[in-house]
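Hello,

Here is the structure I said I would pass on. Please open it next to this email; my notes follow below.

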Amino acid sequence: MAESENIFLKAKHRTFSGLTEDAEHKWTGPFFFIQAADPQLGLMKAWRDGDCDGGGEEWAEEVELTKQAVEAINQLRPRPRFMVLCGDLVHAMPGTPFREGQEKDLKAALMGTDPSIPLVFVSGNHDLGNTPTPSTVEQYCREWGDDYFSFWVGGVLCLVLNSQLFFDASACPELREAQEAWLEAQLSRASSSSSTEPKPKHILIFQHIPLYLKSPDEEDDYFNLQRTVRQNLLDRFKKAGVKAVFSGHYHRNAGGCHGGLDMVVSSAIGCQLGEDTHGVRVVVVTADNVIHRYYSLEQLRARGLDEDLKKLLQA
């Protein structure tokens, strides 16, 4: 795949490593991928200045951190099957100053990713606006690809969702309805015993806003989905056999496992709001399990994958 195609993949169904989609439906053994979140170019200075709504005029720090992440990931052996960025690619909201420059500089930093490692983009609230509109969704799709889609990799079905449509779709209810219908069809087909398609080894979900941070019954918060929405999605995901949901948004590591469904909340490449360090998550997929571990950028660059994870890949 050409280097520019890493960033500008826009089809609803994606294929990897030059293989046909049918080939990617088949389980061929363990593999790993990288989950990252919130490079959010412009937030670090805005956070220090206490002006997260109007700030963001400088983003050199986040560009450098993104380049460090790319460098660390490029040197991994074996290579990850893909890297997914779970939203808030930039800090500037749609239609605000600095948006164009932040997007341009993020794309330039990501262009250093080895062409053998496809990039998958997930939309966040800063990418679409806290209350998205048809216009802001269209703008995002033009720059980064579809806001929801599916892809198969190594026998695993991956669903990328627009979580902002779950959070507040008051300005675009028809878009929420379209995603809901699509999601229900995807989950039903994947879990149906009568489907003519191969049954996935695992089903994984990628979205920006976590279902919850620590517990499914926690109170509503800026950093999670509302309880009624959350429970509806949890029930549907569990019924379909979803193995894990990966998200960002919190700028800290969090999550939990309830009813066999893992909720993974990863801290940021960019601005940290807690005690974690700038980093990414390594996710190893085996026939029976999905094992994940957060690495600081320095840890990943200096030592690569831990030996126990390498052994899982050799099984």
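R227 lies in helix α9, which covers residues 227-240. Keep in mind throughout that this is a predicted model. How accessible is R227? Its relative accessibility is 37%, so it counts as partly exposed; the buried class would need a value under 20%, and the exposed class one over 50%. Setting aside neighbours within four places in sequence, R227 is in contact with D217, E218, E219 and D220. Y212 is 15 residues away from R227 along the chain, and their C-alpha atoms are separated by 8.7 Å.

**The sheet**

Next, the strands. Five of them form an open sheet, in the order β4-β3-β2-β11-β12. The pairing is mixed. Which strands stand at the edges? They are β4 (119-122) and β12 (290-296). Each has a single partner strand, so one side of each is left without a neighbour in the sheet. From one strand to the next, the twist averages 25 degrees.

Q35 has V84 as its bridge partner in β3. A36 stands opposite L85, also in β3. Five bridges join β2 to β11, and here the strands run antiparallel. As background, strands of a sheet pair through backbone hydrogen bonds, either parallel or antiparallel.

Is β2 mostly covered or mostly open? It is mostly covered: six of its six residues are buried. F31, F33 and Q35 point one way from β2, while F32, I34 and A36 point the other way. In a regular strand, side chains alternate between the two faces of the sheet.

Helix α11 (residues 307-314) touches β2, β11 (279-285) and β12. The direction of α11 makes about 145 degrees with that of β12.

Start with α3 (residues 60-74) and α4 (residues 99-110). They pack at an angle of about 25 degrees, with their axes 9 Å apart. That makes α3 roughly parallel to α4, because the angle is under 35 degrees. The crossing of α3 past α4 is right-handed. From α3, the contact uses V63, T66, K67 and V70; from α4, it uses D105, L106, A109 and L110. Sorted by class, this contact has five nonpolar, one polar and two charged residues.

Now the other pair. α4 and α6 (residues 134-144) pack at about 30 degrees, with their axes 12 Å apart. That makes α4 roughly parallel to α6. α4 passes α6 in a right-handed crossing. Which residues make this contact? R99, E103, L106 and K107 come from α4, and Q139, E143 and W144 from α6. By class, the contact of α4 with α6 has two nonpolar, one polar and four charged residues. L106 is listed in the contact with α3 and in the contact with α6.

That is the handover.

Best wishes

Terms used:
Residues numbered from 1 in each chain as written. Predicted model: local features only at pLDDT ≥ 70, side-chain atom pairs only at ≥ 80, totals over all residues. Heavy atoms only, no water. Pairing = 2+ DSSP bridges. Helix = DSSP H or I, 4+ residues; strand = E, 2+ residues; numbered from the N terminus. Axes fitted to C-alpha atoms, helices over the stretch in contact; angles between N-to-C directions. Contact = heavy atoms within 4.5 Å. Buried < 20%, exposed > 50% of the residue type's maximum accessible area, 1.4 Å probe, protein only. Parallel < 35°, antiparallel > 145°, perpendicular 65-115°, else oblique. Left-handed = near helix turned anticlockwise from the far one by under 90°. Nonpolar A, V, L, I, M, F, W, Y, C, P; charged D, E, K, R; others polar.
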